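Work through the exercises below with the model open. Each task is followed by its solution.

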Amino acid sequence: MAKVGIFYASAGGNTTLVAEALKEAYELEDDDCILMEDDFDSVEQFENYDVLFVGSSTWGQGDVHFSWVDPLFEITSDNISFAGKKVAFFGAGDSKTHGEHFCSALGKFNQIFTKAGANVIGFVDKEGYNYTASLAESGDKLCGLAIDNINEKSKTSERIENWIEQLQSELA
């Protein structure tokens, strides 16, 4: 069976909701759930997993959480390979206040991990989302699960459940 790891950063706890749901669905140990601020040591940690669930809230002009900046730079500058790994992205954003950059951190993850050879899974239909623009867009989909627990809280649980079912199917 494929070894699954969750790597995520969350400032307000919304991205943590998804990480906890993934942890439960995949029956993972605490050691397999890496909170970037506290538990991340080096990019070598990614090597321990066949499947990576990568999460971040979106900040500023569509940026990843600050704890992802150095690891993403290292992935890019050191040409770290994710060939043979399946990667899915998740994150939280605010579709009204920051609708012009809604969950754009997912798009930045997608660019970096795809270039590094990852097989990206978990694309979500963008229908039902209300925002202005996002780097997470890929055609008529978002390149991962985007939640807005500020303006669309009533949709969060269903979106998470549906995405986990989709991932389970894609990984079967």
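Predicted model: local features only at pLDDT ≥ 70, side-chain atom pairs only at ≥ 80, totals over all residues.

Residues are numbered from 1 along each chain as its sequence is written, and side-chain values use heavy atoms, with hydrogens and water left out.

**Exercise 1.** Describe the largest pocket and its lining.

Step 1: the term. A pocket is an open set of points on a 1 Å grid over the protein atoms alone, where a 1.4 Å probe fits, with protein on both sides within 12 Å along at least five of seven lines; lining residues have an atom within 4 Å of a point.

Step 2: the volume. The largest pocket holds about 270 Å³ of space.

Step 3: the lining. It has 19 residues, and Ser57, Thr58, Ala92, Gly93 and Asp94 lie nearest the centre of the pocket. Helix 1 (14-25) and strand 4 (58-59) each supply at least two residues. Helices are DSSP runs (H or I, at least four residues), as are strands (E, at least two), numbered from the N terminus.

Step 4: the classes. Six lining residues of the largest pocket are nonpolar, twelve polar and one charged.

**Exercise 2.** Which element gives the largest share of the lining of the second largest pocket?

Step 1: the volume of the second largest pocket is about 190 Å³.

Step 2: list the lining. Among its residues are Val124, Asp125, Tyr129, Lys155, Glu158, Arg159 and Trp163.

Step 3: assign elements. Strand 8 (124-125) and helix 5 (153-171) each supply at least two residues. Helix 5 gives the largest share, six residues.

Step 4: sort by class. This lining has four nonpolar, three polar and five charged residues.

**Exercise 3.** How do helix 1 and helix 5 cross?

Step 1: their axes come within 11 Å and cross at roughly 45°. Helix 1 is therefore oblique to helix 5.

Step 2: the crossing is right-handed.

Step 3: the contact (heavy atoms within 4.5 Å) joins Leu17, Val18, Ala21, Leu22 and Ala25 of helix 1 to Ile160, Trp163, Ile164, Leu167 and Gln168 of helix 5. Nine of these residues are nonpolar, one is polar and none is charged.

**Exercise 4.** Repeat the analysis for helix 3 (residues 69-77) and helix 4 (residues 104-115).

Step 1: the axes come within 9 Å and cross at roughly 30°. So helix 3 runs roughly parallel to helix 4; angles under 35 degrees count as roughly parallel, over 145 as roughly antiparallel, 65 to 115 as roughly perpendicular and the rest as oblique.

Step 2: helix 3 passes helix 4 in a left-handed crossing.

Step 3: Leu72, Ile75 and Thr76 in helix 3 meet Phe109, Ile112 and Phe113 in helix 4. That contact has five nonpolar residues, one polar and no charged.

Methods. Points joined across faces, edges and corners; volume = space filled by probe spheres on them. Nonpolar A, V, L, I, M, F, W, Y, C, P; charged D, E, K, R; others polar. Axes fitted to C-alpha atoms, helices over the stretch in contact; angles between N-to-C directions. Left-handed = near helix turned anticlockwise from the far one by under 90°.
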